[in-house]
Amino acid sequence: MGDLSNSDFYAKNQSNDSNRVAGFGCSLMELRSLMELRGTEAVVKLQEDYGGTEGLCTRLKTSPTEGLTGTQLDLDKRREVFGKNLIPPKKPKTFLQLVWEALQDVTLIILEVAALVSLGLSFYHPPGDASGESCGSAAGGVEDEGESEAGWIEGAAILLSVVCVVLVTAFNDWSKEKQFRGLQSRIEQEQKFQVVRGAQVIQLPVADIVVGDIAQIKYGDLLPSDGILIQGNDLKIDESSLTGESDHVKKAADRDPMLLSGTHVMEGSGRMIVTAVGVNSQTGIIFTLLGASTEEEEKKEKKVEDGHRNADCSHPSIHPIATIATDGAAGFNAPGSASLINVKKQDGAAAMEMQPLKSAEGGESDEKERKKVSISKKEKSVLQGKLTKLAVQIGKAGLLMSAITVIILVLFFAIDNFVLQKLAWMPECTPIYIQFFVKFFIIGVTVLVVAVPEGLPLAVTISLAYSVKKMMKDNNLVRHLDACETMGNATAICSDKTGTLTTNRMTAVQIYIADVHHEKIPDPGVLPPKSLDLMIHSIAINSAYTTNILPPDKEGGLPKQVGNKTECSLLGLVLALKRDYRTIRNHMPEEMLYKVYTFNSVRKSMSTVVKLPDGSFRMYSKGASEIVLKKCSHILNEVGEVRVFRPRDKDDMVKKVIEPMACDGLRTICVAYRDFASNPEPHWDDEGNILSDLTAICVVGIEDPVRPEVPDAIQKCQRAGITVRMVTGDNINTARAIAIKCGIIHPGEDFLCIDGKEFNRRIRNEKGEVEQERIDKVWPKLRVLARSSPTDKHTLVKGIIDSTMSAQRQVVAVTGDGTNDGPALKKADVGFAMGIAGTDVAKEASDIILTDDNFSSIVKAVMWGRNVYDSISKFLQFQLTVNVVAVIVAFTGACVTQDSPLKAVQMLWVNLIMDTFASLALATEPPTESLLKRRPYGRNKPLISSTMTKNIFGHAVYQLIIIFTLLFAGERLFDIDSGRNAPLHAPPSEHYTIIFNAFVMMQLFNELNARKIHGERNVFYGMHNNPIFCSIVVGTFAVQIVIVQFGGKPFSCKPLDLEKWMWCVFLGLGELIWGQVISTIPNSRLRFLRRAGQLSKKDDSPEEDANEDNEEIDHAERELRRGQILWFRGLNRIQTQIRVVNAFRSSLYEGLEKPDSRTSIHNFMTHPEFRIEDSTPHIPLIDDTDDDSARRRKMYSSQPSSPNKNNNAIDSGINLTIDSSKSAASSSPASPLHSLETSL
């Protein structure tokens, strides 16, 4: 694998000389080897070989200040020589691969076997002229030649229907994959980056960046390519995604100028020259290595595992990528998004040795590891967890029923022939007997097929995929499928203020300067020239040079704000005072700035030092007014002279200027400066002394108006039982004013508005440790948290999630746009990042991206989330009714008449319409506003509510009465021949056709009933809004007519006349009337049903609980891999023992634990912080809310202890580095012990 000569890009780029010919002073390989150096080594090499960054720019024909010329010819040439900035995505699965995967389904395999055996036997004619009599009555009246010829039809028909099911499943997977790739490319296209071309700063899509471009980097960027720093201010980079080191690395042009793609800018700003793009960048090299290793690995696997099925059916070849992309999002963000990589780099060479390749001995540890991968690949959410469990349980019950059916039939046949009739077993009769046994086997399989709800995974997939597609239109770009459904259960939203609740178009509206408070921006003439000049210089120089105000796009529009919005408002103030900041910036270009202290969440201010012509220094500073004023000892008076600024004056200023501004909902910014002597030069790294003793120039009040649609959206949330909290870095008065405007708080209510300091005082004990009990006293009433740090936001979110005050665990959504919001976004159940204002880091940590940065889009997400849950419930209600009826009919029919009234092929058709079409019809119901009128379901709500249980059993009773009446009295009612006890290959009877037809008609009309799950009366309401539903119902009806009239032998149907058809439709219509009867019965009358429901829930054995990892696999896969599962059961026993040992050891480690932030909901299953199952009582699959004993039981048992009560390493936020590698340094990731630990 280390030998890369086989990878094609390497071969292409061997031609160093051709690059020289192309006219560039250095080749691709030289640049690549340069980028593999670090620190001083790199600086030395740059100086010696290239003459520093200047020399490198000359060789690459670019200017460090003006960038490339940007001519198309030059750009094309660069792309040809140095490559494009694209990492080719992994090849998608072909349709045939998906078909092959769909064929792995256990029930389908059983059916295929049954069909092939049936086919084989139908072509086998027993030798000799064995007369029917000698073989006993079992042979029935052996039919004439023509009939026996048609024996193959049943087998062929089963195979045909299997093909249908497989094609539908494969097509669904294929379209899903296609959708994901579209989504992925859309996320990539939206990522833009600032580069300098032709001395102009422009925004380019990341893919258009070429080697030699001068890129401007700033706080929050995700670097799109490798480069070398030309000039930087206070630049700190998080390289954990490449190196696994969570500490931020300081970068400077003279110390460590190497910048790598896929790393995050955590602080500061600067400019770099791009030296490697696409597959030649460090991230690209690793991806290429991965690609090469994947192929090699596949070859090895083929040798090692002949016949040993790959554990993860759905992603056979992504093993290495998944182990390296430790982000749970990896499965979704296919290798397109560079930032997912987590490979140790040794001196820059991507050292892949730490990933032991799969070897023959690797056996089970690898299997377990792979298993974890398969879990992280398939996005499983809470809902899907519940569904998988339900499907497995139903499957087990079905297996049991089908086994009993076969045994009863075989015994009945044997006893009848060999005991009662005392017949001997004759060799020539063997084939006939075998044919009977095959028929019994097929009946058994039929029962199993009907019992297993194959439609469940399909319904979930369709429902989620449909929702995700529609949510795109509602400005929600869903990155993790499960987030969409989790959002429906959200009970709390912690929202940012700026940009989400407000428009994020800031304008300066008030100013306090020269001892006067101006309520609106004054005329420049009335201000003292000295103060005005200082203020204008301070604003122009002490703001990011990437921040600009551009002329409007349309005539008469508002000027365009680019960059940091707060800085834009200050630059707008300069323009309003009829001055131009650009001329000042031209006099003092960025490279002449002496030192920059960039803004971060700790400083809450930004300062820039410049050297004055006389050699002395001046520092301009700006930031949150109360913080900067504290550091001021002087202020400019009414004529622009410096006067002393005493503590008493400060208090006056706060009371008379800052608080009134804040109460108007304005953000206040203080602008100040300080002069330093040139000799001795100040010690710039001693920040505490440098940023003190300032002279205040002015205080500016900046308005950020509330978005017009927000108050209405917040009201909807509150109606829907969701608490909205505002978490902001602003002053508490500003925050309170905005919260009142938004409707988050209403005067007279009992609520808390506190700032970060007070919040920490309330939640920390004497030792400064966060205590869950203290948080529990604060969060229920907290509505506004002002002046909060990212740590506070994370602590609050974590505190709410871990709280055990209420029976239901809180499900928290968080919005964020800044890099510092990363930890909170990851910790939350659903993280929303801002698509426009959000930094790349925030988007990377989020689950959903709001493409319009608007709070009201979150409400749409809630609606869609609830809709998904309801769609699945509707489908379940429909599916389970059919299952219950069909299983009972097939079972009793087989036992009483030795033949199932519903044939295998008919059952498959019912399965097909039930599963595929019903899931399509019921899963695509559009959401309605009424969804927002009920409380969230919460995490522990059973999947099947008591109303649904009532409906399922109620309709099952009706259908069973009709079918059994038709079965045992149908021939008398309709005056036709009885279809019971028909001989082996007898032609289809009218009797059984009527039963089949009535059954399908009842299902069709019950599909209408299933549209409502909360006991509503009008089942037709809103049907016209769902054309898919209407067309499916009509289409199914049409196909049913064709099957009955022309299905003939394959479908075991005999054409019916109009009268019989009318009776079938009439019996179907009875479903609608019966539905009204059922909804009249109050739930409280049906206590016994709840009991039934409770019994039907198999209490999972402890090892199965620990086996949560494996529970995630589809039940079909489970059956396939019984042997391995037994193996895991063994492992799980050990796991349980280890858990006991760990409980004793945990007190030692408690302080050392690292928070493993969660990316997707699988980690609920695998990480202790999220293992709800361990501590809460098991979620019943059937509702028992009306059951008093159950309620009492809940009361006593639903106090899950928070796993990190005293784990202060987590709570105090010590470890809040945004570590997208999720601390790769845990016990070697491939070891089986590691996988045991994670699941513990």
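Two elements are said to be in contact when heavy atoms lie within 4.5 Å. In this predicted model, helix α27, made of residues 756-763, lies across the strands β24 and β25. The helix runs at about 100° to β24, and β25 covers residues 782-786.

These two strands belong to an open sheet of eight strands, arranged in the order β10-β28-β27-β26-β11-β23-β25-β24. Strands of a sheet pair through backbone hydrogen bonds, either parallel or antiparallel. Here the pairing is mixed. The edges of the sheet are β10 (476-478) and β24 (752-755), each of which pairs on one side only. On average, neighbouring strands of the sheet are turned by 20° against each other, when direction is ignored.

Strand β16 (residues 595-597) is joined to β17 by three bridges, and the two run antiparallel. Lys-595 has Val-609 in β17 as its bridge partner. Strand β17 also runs antiparallel to β18 (residues 617-624), with seven bridges between them. In this pairing, Thr-608 stands opposite Tyr-620 of β18. The strands β17 and β18 form a hairpin with five residues between them. In the turn, Gly-615 has a positive phi of about 90°.

The discussion now passes to a helix. Helix α19 comprises 13 residues, 529-541, and at 1.5 Å a residue it should span 18 Å; its end C-alpha atoms are 18 Å apart, so the two values agree. Several residues of α19 are buried, among them Leu-532, Met-535, Ile-536 and Ile-539.

A second pair consists of Phe-413 and Phe-436. Their ring centres are 5.2 Å apart and their planes meet at 25°, so this pair is stacked. Because Phe-413 lies in helix α15 (residues 382-420) and Phe-436 in helix α16 (residues 430-451), the pair ties together parts that are 23 residues apart in sequence. Phe-413 is buried, with a relative accessible area of 7%, and Phe-436 is buried at 8% relative accessibility. Both residues belong to one aromatic cluster, which also includes Phe-418, Tyr-433, Phe-437 and Phe-440.

Charged side chains also lie over aromatic rings. Lys-61 is placed over the face of Phe-24, at 5.6 Å from the ring centre. Elsewhere, the charged end of Arg-585 sits over the ring of Tyr-545, at 4.8 Å from its centre.

Definitions and conventions: Residues are numbered from 1 along each chain as its sequence is written. This is a predicted model: local features need pLDDT of at least 70, side-chain atom pairs count only at pLDDT 80 or more; totals for chains, interfaces and linings use all residues. Side-chain values use heavy atoms; hydrogens and water are left out. Two strands pair if DSSP finds at least two bridges between them. Helices (H or I, at least four residues) and strands (E, at least two) are DSSP runs, numbered from the N terminus. Axes are lines fitted to C-alpha atoms, for helices over the stretch in contact, and angles run from 0 to 180 degrees between N-to-C directions. Rings of Phe, Tyr and Trp (its six-membered ring) pair if their centres lie within 6.5 Å; planes under 30 degrees apart count as stacked, over 60 as edge-to-face and the rest as tilted. Buried means under 20% relative accessible area, exposed over 50%, partly exposed in between (1.4 Å probe, protein chains only). A charge sits over a ring if NZ of Lys or CZ of Arg is within 6 Å of the ring centre and within 35 degrees of the ring normal. The expected span of a helix is 1.5 Å times one less than its number of residues.
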